[in-house]
Amino acid sequence: MDGFTISLLAAAVQSGTPILYATLGEILTEKSGILNLGVEGIMMVGALAAFLTALTTGSPALGFAVGGLAGALLAGVHAAVCLGFQGNQVVSGLALTILGTGLANFLGTPFVGKSGPGFTALPIPGLADLPLLGPIFFRQDVLVYLSYLAVPLLWLFLRNTRWGLDLRSVGENPAAAAANGLNVVGWRWIGTMAGGFLTGLGGAYLSLAYTHLWTNGLSAGRGWIAVALVIFAFWRAERAMLGAYLFGGVMAFQLRLQAAGTHLPSSLLLMLPYALTVIVLVLASWRQMRSAMPAGLGINIEPPD
Amino acid sequence: MKKVLSVMATALLLVTFCGGMAAAKDFQVGFVYVSPIGDAGWSWAHDQGRKALDKMPGVKTSFVESVPEGQDAERVILNMARKGYRIIFATSYGYMDPMLKVAKKFPKTVFMHCSGFKTAKNMGNYFGRMYQARFLTGMVAGAMTKSNIIGYVAAFPIPEVIRGINAFALGVQSVNPKAQVRVVWTKTWYDPATEKEAAKSLLDVGADVLTQHQDSPATQEAAQEKGAYSIGYNSDMSKFAPKAHLVAAVWNWSPFYRYIVEQVEKGTWKAKAYWWGIDKGIVNISPMGPMVPQAVKDKVLAAKKDLISGKLKVFAGPVADQKGDTKIADGKVASDKELLGMTWFVKGVVGSTQ
């Protein structure tokens with residue numbers, strides 16, 4: 001494979017990583033039966049919290065963790081509305097996107113254009129020298145490596161653990177789960193906040209590794225792409241990885257086509273990622289989306305007493 | 001939830017309000033910015049000019065940042081006019097029509113719009129010949145490249161940006177005829193993530209010097225990470241990439257803003273298009289980095305002197321476009337009208353103007 005393709009694939013992995021974190025987070029949330037359309041807002045808040053923490057403490061690692069926590073907190077607002085007050089999940093999620101984006105832009109304005117500490121590429125000795133795979137996967141930053149771990153961990157958790165089974169059954173059939181003595185509301189709180197944590201990490205990736213800058217509107221619609229990718233992935237972690245890299249790849253591809261000197265109009269190339277999203281959604285719903293979707297998704301349940 | 005929102009809304013209102021408050025007796029000058037001021041970039045450069053006005057006796061300035069183009073801009077400008085501001089500077093292209101609308105209602109206020117083309121009895125427009133500074137930074141790029149591929153991360157294919165790319169490319173070719181300039185459009189003025197990805201795509205096709213027509217320093221960051229060189233825009237960006245930053249094409253609005261205030265104070269201000277150049281200091285280049293050899297520095301500074309004296313013109317024929325067709329004939333110099341409507345790339349630029 002030539003250098004152009006390898007560097008394109010490496011860029012696909014990097015620009016896919018923030019979307020991957022957010023998609024994993026939304027999968028976890030939806031598996032528990034809660035639909036959270038606030039991904040974009042959570043990413044923005046996560047990105048700002050991570051950036052400010054890294055800027056003030058000088059520790060990007062701490063910033064990454066705080067970005068996740070901020071995401072979990074904001075997702076907690078969604079959980080409170082939907083689980084505590086039986087609010088409409090779609091409306092609450094949309095409100096969360098507007099609130100999160102607005103809050104991050106408002107609080108972040110004094111820091112626009114400031115550059116903070118962050119993660120840079122850290123090749124893994126040995127693995128980085130592998131032919132093909134090395135330059136694509138193992139010359140990235142630490143946060144990308146962490147996302148490699150997050151995918152199988154989430155997969156194992158949902159598939160092979162008792163807790164994962166509990167969480168899924170709450171999402172599939174809350175009434176039956178409750179009859180079996182499971183704390184449905186409790187599991188949904190956990191699913192939503194843990195999902196928010198992962199989504200917040202996706203935002204943190206944008207301000208700590210992808211760039212080391214803060215700007216208003218940093219996530220630029222990536223949260224919405226994550227929401228679409230959940231459907232593309234049929235709520236499965238390993239397919240989320242494929243989808244995120246595919247999308248990241250298309251984004252990187254159009255810029256590289258320009259750099260390589262094609263004479264295609266750039267407006268047309270810029271449309272590519274979004275056209276892909278539409279195609280993917282059509283294909284996904286045409287195939288088996290219904291059967292893969294958690295049956296209790298988006299349906300509020302009354303607290304047991 | 002509701003309470004939090006209403007507190008936030010009140011805080012926002014207060015911020016906007018305080019930004020516009022001032023005593024009525026002073027000579028009030030207002031500025032409208034499209035983005036937050038931040039540490040560097042377009043609005044920051046204008047704000048440096050505003051600060052220079054604050055030092056003038058009797059002059060008070062204020063500003064509103066992050067004003068979206070369109071309806072919101074009209075409200076902000078209207079608000080300033082109502083408060084009796086003497087001059088209002090609107091610093092983004094999309095403020096043109098909103099400003100024109102307000103200008104008609106306040107005939108005693110002076111309105112100045114940056115980067116547009118409309119005027120009224122009490123409204124002028126202004127800009128700087130940034131392409132002159134671009135030409136000089138192009139000379140530095142042409143001298144420093146080894147791969148003979150220079151990358152240009154650019155926002156939108158509009159005449160202002162295309163003119164800058166062409167001037168830059170002509171600067172490159174004046175010292176290194178073999179080098180090519182590759183352009184990647186991001187279709188955004190400010191999106192560090194996309195800008196950085198665009199910069200990386202240029203580095204991947206072999207570019208070893210990058211420059212930008214973008215407001216964030218992401219391109220500088222990308223160049224430094226790869227060990228390449230970079231050229232900044234708007235303001236000196238060396239602090240973002242000290243090892244990579246060769247030079248920057250910078251704005252210096254202070255002399256212009258002072259001039260306009262003086263003219264209005266004296267009653268000699270005219271509603272016309274102001275297009276100042278490097279001779280008046282409105283555009284300039286930042287100090288060149290230590291990696292630039294002295295011989296190159298001397299050559300660039302000599303060219304700067306010639307641009308100031310008028311001996312050297314950036315768009316002097318013969319200039320051909322990408323296809324090789326002559327666009328500016330031998331012995332001719334492009335007129336301002338041609339420059340303002342420029343939609344073609346000069347030969348040696350790789351990319352599409354669409």
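Mentor: One rule before we start: two residues are in contact if their C-beta atoms, placed from the backbone, lie within 7 Å. This is a predicted model, where local features need pLDDT of at least 70, side-chain atom pairs count only at pLDDT 80 or more, and totals for chains, interfaces and linings use all residues. Residues are numbered from 1 along each chain as its sequence is written, while chains are lettered from A and ligands numbered from 1 in the order in which they are written.

Trainee: What does helix 5 of chain B lie across?

Mentor: Helix 5 of chain B lies across strand 6 (149-154), strand 8, strand 9, strand 10 and strand 12 of chain B. Helices (H or I, at least four residues) and strands (E, at least two) are DSSP runs, numbered from the N terminus. Helix 5 runs at about 175° to strand 10 of chain B. Axes are lines fitted to C-alpha atoms, for helices over the stretch in contact, and angles run from 0 to 180 degrees between N-to-C directions. Helix 8 of chain B also packs on the sheet, and its direction makes about 170° with that of strand 9 of chain B.

Trainee: What makes strand 8 and strand 9 of chain B a pair?

Mentor: Pairing takes at least two bridges found by DSSP. These strands have three, in the parallel sense, so they pass. One bridge joins L210(B) to S230(B). Strand 9 and strand 10 of chain B are parallel too, over five bridges. There I231(B) stands opposite V247(B).

Trainee: Why do strand 12 and strand 15 of chain B count as edges?

Mentor: The open sheet has seven strands in the order 12-10-9-8-6-7-15, with mixed pairing. Strand 12 (283-285) and strand 15 (349-350) each have a single partner strand, so one side of each lacks a neighbour in the sheet. Strand 12 runs antiparallel to strand 10 of chain B, joined by three bridges.

Trainee: Why is strand 9 of chain B called mostly covered?

Mentor: A residue is buried if 20 or more other C-beta atoms lie within 10 Å of its own (exposed: 12 or fewer; partly exposed: in between), with C-beta atoms placed from the backbone. In strand 9 (residues 229-234), six of six residues are buried.
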